[in-house]
Amino acid sequence: MQKPALDLQILTLPDNPGVYQYYDKDGKILYVGKAKNLKKRVSSYFNKIHDTAKTNVLVKKIVTIKHIVVPTETDALLLENNLIKTLQPRYNVLLRDDKSYPWICIKKEPFSRIFLTRRMVKDGSEYFGPYTNFKMVHTILDLIKELYPLRTCNYDLSESNINSGKFKVCLEYHIGNCKGPCEGLEPLEEYQRQVNAIREILKGNFKESLKDFKKLMNTYAQNLQFEEAQKIKEKIEVLENYQSRSTIINPKITNIDVFSIVSDESAAYVNFLQISHGSIIRSHTLEIKKKLDESDEELLELAIVELRERFQLLSKEIIVPFELDLGENIKVTVPQLGDKKQILDLSIRNAKFYRIEQLKQLQIVDPDRHVNRIMAQMQKDLRLPSEPRHIECFDNSNIQGTNPVAACVVFKDGKPSKKDYRHFNVKTVIGPDDFASMTEIVYRRYRRLLDENEPLPQLIIIDGGKGQLSAALKSIDELGLRGKVAIIGIAKRLEELFYPGDSIPLYLDKKSETLKVIQQLRNEAHRFGITFHRDKRSKSALNSSVESIPGIGEKTMLALIQHFKSVKRLKLATEKEISDVVGVSRAKKIVAFYHSKEI
């Protein structure tokens with residue numbers, strides 16, 4: 001049997017690509033794996049008996065599951081490779097250095113060579129990758145070779161060596177694969193122009209190079225070399241679909257720590273990524289309980305000091321989401337774009353996913369605490385005198401003034417209380433007057449609650465802007481409830497919240513839980529009201545249509561309304577279908593009536 005804590009960890013995993021890590025009871029790493037869908041992949045370990053005894057033993061030892069979310073499967077593959085090499089888990093096949101992924105190198109030298117390598121040498125050369133698809137690397141190198149004739153020799157092509165006539169052109173020159181820079185037959189400036197174009201290809205900027213390539217394809221076609229032209233076309237398609245760099249790993253970013261923070265009213269979650277030699281080698285998320293409503297800046301500074309000491313981090317540069325003062329010895333970078341910004345965004349994503357998991361686990365294990373947290377957050381966000389445990393939301397529904405109705409939906413402890421929902425037929429208002437309808441409905445609702453000694457809500461939400469809110473306030477004032485019940489209006493377009501007597505609306509964060517609860521209330525009120533309105537309109541139309549048929553009485557009319565629901569369905573029904581409901585003689589009258597209308 002799995003431990004409940006492990007069940008909970010699996011249940012709250014995200015449905016995203018990423019890397020998962022299994023730990024035993026002593027916190028020792030057991031296994032690192034990648035997944036297209038973390039929740040499905042990890043769940044598969046625990047819902048069956050495995051074919052190998054080794055896997056079954058592994059599953060029994062798992063106590064803790066950690067994970068890192070990444071944007072794509074390719075990123076997961078690369079990150080898995082790095083973590084296995086760094087952590088060397090017992091149940092993974094260890095990856096040796098000679099089995100690492102390939103890079104494309106632009107060598108720092110006169111007349112730069114461009115080649116595939118598995119080893120990165122810190123000599124100022126540029127490296128692009130790593131690549132997970134070997135076919136892609138060879139395709140790119142073939143494309144480069146076909147587009148730009150570059151040297152493949154290892155000669156030291158310094159200016160003095162070339163001028164002294166030390167080298168002679170080789171077979172590559174004679175077959176057109178090289179322009180002979182070793183004998184000074186190609187200027188350095190022209191050669192470097194080609195290298196710059198190749199650099200753009202490797203960065204993913206293919207526009208100019210694709211023009212040259214398509215020109216080559218057209219040349220083959222004009223010379224009736226259709227097989228060669230087709231090969232070039234296929235390579236263009238591969239190149240157009242290719243993405244040259246991983247969004248996680250960039251060899252220029254090395255020995256840097258990344259910190260991000262996500263917080264709510266009770267806790268903060270700090271994610272840390274350690275970057276070494278262009279690779280993510282560690283990820284950790286720290287939860288900090290708030291005591292005195294501390295700011296994100298204060299908490300992140302505390303967390304950075306704690307994590308650097310815990311993991312003995314010595315990096316001289318850190319990436320963070322906002323400016324911090326960490327002393328003169330540490331360079332603080334707040335990236336706005338580029339590779340560093342992508343890594344920071346990845347860290348923020350992991351912090352958010354960790355927070356969501358913790359909240360899901362809290363909701364399952366301790367639902368009361370989860371509700372208390374949301375209620376406390378709503379009270380704070382909406383500036384209410386008490387927690388809104390009981391909320392009611394009103395919405396009007398009418399089309400061109402016909403069948404005006406209203407709906408009142410009720411939420412208790414942040415969840416729909418459907419048994420308390422109420423529909424209202426507007427009685428005193430003639431024509432499409434939403435404001436007057438709102439005044440009537442709010443008055444009737446709370447007059448009844450007062451008369452029946454029923455508890456009043458802590459918060460009333462009006463679906464509409466200032467006008468609808470003012471209309472509702474007339475009834476609130478008439479009933480003497482101003483100040484006893486909080487009331488706000490929500491305008492649909494910009495999700496503005498209006499308060500009585502305040503002309504400036506409140507805007508909540510689009511991702512806040514408070515706004516999500518309010519939106520859920522508003523949408524539920526709209527759904528409940530529009531459904532009632534449609535039913536009433538359909539019955540009204542069916543009523544008027546059926547009542548005009550000679551020889552059809554009230555009981556027959558009710559039977560037809562209940563069965564066919566709409567005039568259209570009644571008109572399309574066969575005489576047999578109608579007779580099954582009201583008998584043969586009445587069915588003939590109804591069919592004859594609609595037939596005469598068509599003629």
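Exposed means over 50% relative accessible area, buried under 20%, and partly exposed in between (1.4 Å probe, protein chains only). The model is predicted: local features need pLDDT of at least 70, side-chain atom pairs count only at pLDDT 80 or more, and totals for chains, interfaces and linings use all residues. Residues are numbered from 1 along each chain as its sequence is written, and side-chain values use heavy atoms, without hydrogens and water.

I checked the backbone of Asn453 next. Its phi is positive, about 60 degrees, although Asn453 is not a glycine. Asn453 sits in the loop between helix 14 (434-451) and strand 16 (459-463). Helices (H or I, at least four residues) and strands (E, at least two) are DSSP runs, numbered from the N terminus.

I then turned to Arg383. Its phi is near 55 degrees, positive in a residue other than glycine. I placed Arg383 in the loop between helix 13 (367-381) and strand 12 (390-399). Arg383 counts as exposed, at 53% relative accessibility.

Two strands pair if DSSP finds at least two bridges between them. I noted 6 bridges between strand 1 (residues 18-23) and strand 3. Gly18 stands opposite Val69 in strand 3.
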